[in-house]
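Open the structure in your viewer and keep the selection tool at hand.

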Amino acid sequence: MAADGQALAPLGRAQFFVKEAFKHGKPIGAVGTGRELIEAAHLPSHVGVVMGDGIAEKFATAVAGHRFHERDVAAVPA
């Protein structure tokens, strides 16, 4: 069973999980309705966040980079 971004988007715990990953500089990828969860989290920057169809290569490159320390995470409450 796949995670449904539309169902997860309004859930505070799901948004917190995404914000924590963002704040720790981890790459984030979303396809289909998963984009709704990422958008609901209101992340201040899209550095290392890959969304859309056909993102496998871009996301693999982001994962290979390991962390994105250049993100502005001051506004992320996680």
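Leaving aside neighbours within four places in sequence, which residues is phenylalanine 22 in contact with? Select phenylalanine 22 and look for Ile28, Leu43, Pro44, Ser45, Val47, Val49, Arg71, Asp72, Val73 and Val76; contact means heavy atoms within 4.5 Å.

This is a predicted model, in which local features need pLDDT of at least 70 and side-chain atom pairs count only at pLDDT 80 or more, while totals for chains, interfaces and linings use all residues. Residues are numbered from 1 along each chain as its sequence is written, and side-chain values use heavy atoms, with hydrogens and water left out.

Next, select Ala14, Val18, Ala21, Phe22, Ile28, Ala30, Leu37, Ile38, Ala41, Leu43, Val49 and Val76, the twelve residues of the largest nonpolar core. Such a core is a set of buried Ala, Val, Leu, Ile, Met, Phe, Trp, Tyr and Cys residues joined through side-chain atoms within 4.5 Å; buried means under 20% relative accessible area with a 1.4 Å probe, protein chains only. Colour α2 (12-23), β1 (28-30) and α3 (34-40), the elements that each give two or more residues to this core. The largest share, four residues, comes from α2.

Now switch to a cartoon of the protein chain.

Finally, show the C-alpha trace, which spans about 30 × 30 × 15 Å along its principal axes. Of the 78 residues in the protein chain, 36% are buried.

Terms used. Buried means under 20% relative accessible area, exposed over 50%, partly exposed in between (1.4 Å probe, protein chains only).
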